[in-house]
Amino acid sequence: MKKIIVLLIAVCPSFVAMSQKDSSFFEIGMNVRALISQFDRDQSRFEWSPYLFTLEKSFGKYGFRAGLGFYQNQSEELASPSNGNTNFNVDTTALDVRLGLVFYKNLNEKWSFRYGVDAVISNQSTSRNTTFTDPQGEVSETMLSVEKRGVGAAPFFFAQYHFSKKVSIGTEIGFRWLNQTILEEDLNDTFPEFNESIEKVQTSLSLLAPTSLFLIVRL
């Protein structure tokens, strides 16, 4: 992963020198689809775009972009006689970062396309806490947690429609390859002898479907 990032940084000055200054631009975008809709990551047949913000700098035929996404969801079911005096708490947090090279193709004043490859970092943690209070008032807590840390690469194809020289919308499709380290823990304060911690490595290839809708402003 470090080699990929170093390579991206090293080649950028070369692209700047090769580019045409009059065609350079800077864009900032927000994924409005992520703001108006809720997605279930666990049930989707494909992986939706996790990126909420995007920054991009063009140096002519070549460019450089960065993206950031953050997701957090918390839910809690309070203890009551109907659920056996058990309190359930689920907390999920995800952070995604990308850094990539872009190549441009302009069809006309309204449509343009770009393609390239990103270096990506994807981290996600989920914890499920169960707290039970028995009739004597003794409290027993169980925690199940999964932490995923991944690095990889993602080739992409991005289509953009221009309402004007300053405002446009766009969406993208791509594939994301991730090499992940996964840590799973099962902890129980009543029976600590049964506590379990498992670490494993997983490689995955997923489709980033065109579910994003970026509202883009060119500065």
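Predicted model: local features only at pLDDT ≥ 70, side-chain atom pairs only at ≥ 80, totals over all residues.
Trainee: What is the secondary structure of the chain?

Mentor: Two helices and nine strands. From the N terminus, the order is α-β-α-β-β-β-β-β-β-β-β.

Trainee: Where is Ser-112, and why is Ser-112 called buried?

Mentor: Ser-112 is in strand β5, residues 111–133. Its relative accessible area is 4%. Buried means under 20%. So Ser-112 counts as buried.

Trainee: Why is Glu-138 called exposed?

Mentor: The relative accessible area of Glu-138 is 53%. Exposed means over 50%. Therefore Glu-138 is exposed. Glu-138 is found in the loop between β5 and β6. Leaving aside neighbours within four places in sequence, Glu-138 is in contact with Phe-132 and Thr-133.

Trainee: What makes the pair of Ser-112 and His-162 a polar contact?

Mentor: Their side chains make that contact at 2.8 Å. The cut-off for a pair of N or O atoms is 3.5 Å, with one able to donate a hydrogen and the other to accept it.

Trainee: Which other residues is Ser-112 in contact with?

Mentor: Leaving aside neighbours within four places in sequence, the list includes Lys-105, Asn-106, Leu-107, Phe-158, Ala-159 and Gln-160.

Trainee: Where does Ser-112 stand in the second largest pocket?

Mentor: That pocket has a volume of about 470 Å³. Of the 17 residues that line it, Ser-112 is among the closest to the centre, with Asn-106, Asn-108, His-162 and Arg-218. Strands β4 (86–106) and β5 each supply at least two lining residues.

Trainee: What is the make-up of the lining of the second largest pocket by class?

Mentor: Three nonpolar, eight polar and six charged residues.

Trainee: What makes the largest nonpolar core a core?

Mentor: The core has seven residues: Phe-25, Val-102, Tyr-104, Phe-156, Phe-158, Phe-214 and Ile-216. Strands β4, β6 (139–162) and β9 (214–218) each give two or more of them. A core needs buried residues of the listed nonpolar kinds, joined through side-chain atoms within 4.5 Å. In soluble globular proteins, nonpolar side chains tend to be buried together.

Trainee: Which residues does Ile-216 touch?

Mentor: Not counting residues up to four places away in sequence, they include Glu-27, Ile-28, Phe-158, Gln-160 and Val-167.

Trainee: How many of the residues of the chain count as buried?

Mentor: Of the 219 residues, 32%. As for contacts with a separation of 6 or more, residues 24 or more positions apart account for 67%.

Conventions
Residues numbered from 1 in each chain as written. Heavy atoms only, no water. Helix = DSSP H or I, 4+ residues; strand = E, 2+ residues; numbered from the N terminus. Buried < 20%, exposed > 50% of the residue type's maximum accessible area, 1.4 Å probe, protein only. Contact = heavy atoms within 4.5 Å. 1 Å grid on protein atoms, 1.4 Å probe; cavity = no way out; pocket = protein on both sides within 12 Å on 5 of 7 lines; lining within 4 Å. Points joined across faces, edges and corners; volume = space filled by probe spheres on them. Nonpolar A, V, L, I, M, F, W, Y, C, P; charged D, E, K, R; others polar.
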